[in-house]
Amino acid sequence: MAEEYLTDDEQLEVVKHWLKENGAWIAGGIVLALAIIFGMRFYRDHANQEGMAASMLFGAATSALEANDRAKSRTLADAVIKDHSGTPYADQARLLLARLDVDEGKSPNAVAPLTQVMNDSKDSQLRNVARLRLARILIDQGKPDEALKTLADPIPQGFGTPFREVRGDAYAAKKDAGAAVTEYQAALASADPGGIVASVLGLKIQDLGGPKAPATVSTDSKPKAKP
């Protein structure tokens, strides 16, 4: 019998029967939906709280470093990595620890944290910073070939000058003056013409027998127009 021909009591009985047969599934679906909603909210709130805690802890680590309290800075950076490993601040803490190691003459200890950031960080900027710092350490350790492999093409956008310069340093360490000059010139082409980096690159090129970099003209040295 079609539903439009049922009496009100008969339609009510149909609804009761349907709910009896399917009520458990409906209730389960509602419970599951509510669990997902509240679970997402809890995760988001927890992530926000953890991010704030990690940010404060890392800020304290950098402040300690600026105050030259290196032991405290190291302890706080270790705490960021241990307690907030799922946040981006853990990678920044690893970079800070690597810097401390290099400054304290323990550059071999910096290889592990830099390698971890280079390989595993979700932040491409941090990965490239780690690549650069690791390459410099490898050059200092007498491993220029490994440094060049670390900075192999493609060169990331925005890192042309530092990548090229460090590659030049690696070739210079290999006594390959021609390749080093080529890299330094490529770095110079994208450097600020009046900046310190450009001046340093020019000196490196000259030291290897390359052409002298054109002098930059300061606006203060331009001849004044005659009245």
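Read along the sequence, the pattern is α-α-α-α-α-α-α-α-α. The model is predicted, so that local features need pLDDT of at least 70 and side-chain atom pairs count only at pLDDT 80 or more, while totals for chains, interfaces and linings use all residues. Residues are numbered from 1 along each chain as its sequence is written, and side-chain values use heavy atoms, with hydrogens and water left out.

Keep everything selected for two overall values. Of the 227 residues in the protein, 29% are buried; buried means under 20% relative accessible area, exposed means over 50%, and partly exposed lies in between (1.4 Å probe, protein chains only). Among contacts with a separation of 6 or more, 44% come from residues 24 or more positions apart, a contact being heavy atoms within 4.5 Å.

**First stop: the loop between α1 and α2**

Select Asn 68, which lies in the loop between α1 (8–66) and α2. Asn 68 has a positive phi of about 65 degrees although it is not a glycine, and with a relative accessible area of 57% this residue is exposed. As background, most residues other than glycine have a negative phi, and most peptide bonds are trans.

Side chains of opposite charge can pair when their charged atoms come close. A salt bridge here is a side-chain nitrogen of Lys or Arg within 4 Å of a carboxyl oxygen of Asp or Glu, and by this rule the count comes to 13 salt bridges.

Now select Arg 70 and Asp 103, which form a salt bridge whose closest N and O atoms are 3.4 Å apart. Arg 70 lies in helix α2 (residues 70–83) and Asp 103 in helix α3 (residues 88–103), so the pair ties together parts that are 33 residues apart in sequence. Both residues count as partly exposed, Arg 70 with a relative accessible area of 23% and Asp 103 at 46%.

Is Asp 101 buried or exposed? At 7% relative accessibility Asp 101 counts as buried, whereas Arg 74, at 23%, counts as partly exposed.

Then select Arg 99, whose side chain meets that of Asp 103 in a salt bridge (3.8 Å, N to O). Arg 99 and Asp 103 both lie in helix α3, 4 residues apart, about one turn of the helix. Salt bridges that share partners join Arg 70, Arg 74, Arg 99, Asp 101, Asp 103, Glu 104 and Lys 106 into one network.

Asp 91 is buried, with a relative accessible area of 12%. Which residues does Asp 91 contact, leaving aside its neighbours within four places in sequence? They are Val 117, Ser 121, Lys 122 and Leu 126.

Move to the loop between α6 (144–150) and α7, which holds Pro 154. The peptide bond from Asp 153 to Pro 154 is cis, with omega near 0 degrees.

**Last stop: α7 and α8**

Two packed helices are described by the angle between their axes and the distance between the axes. Select helix α7 (residues 160–173) and helix α8 (residues 177–189), which pack at an angle of about 165 degrees with their axes 8 Å apart. Axes are lines fitted to C-alpha atoms, for helices over the stretch in contact, and angles run from 0 to 180 degrees between N-to-C directions. The two helices, α7 and α8, are therefore roughly antiparallel to each other, a term for angles over 145 degrees, with those under 35 roughly parallel, 65 to 115 roughly perpendicular and the rest oblique.

To see the contact itself, show the side chains of Thr 161, Arg 164, Glu 165, Arg 167, Gly 168, Asp 169, Tyr 171 and Ala 172 of α7, together with Ala 179, Ala 180, Glu 183, Tyr 184, Ala 186 and Ala 187 of α8.

End at Lys 175, in the loop between α7 and α8. Lys 175 has a positive phi of about 65 degrees although it is not a glycine, and at 74% relative accessibility Lys 175 counts as exposed.
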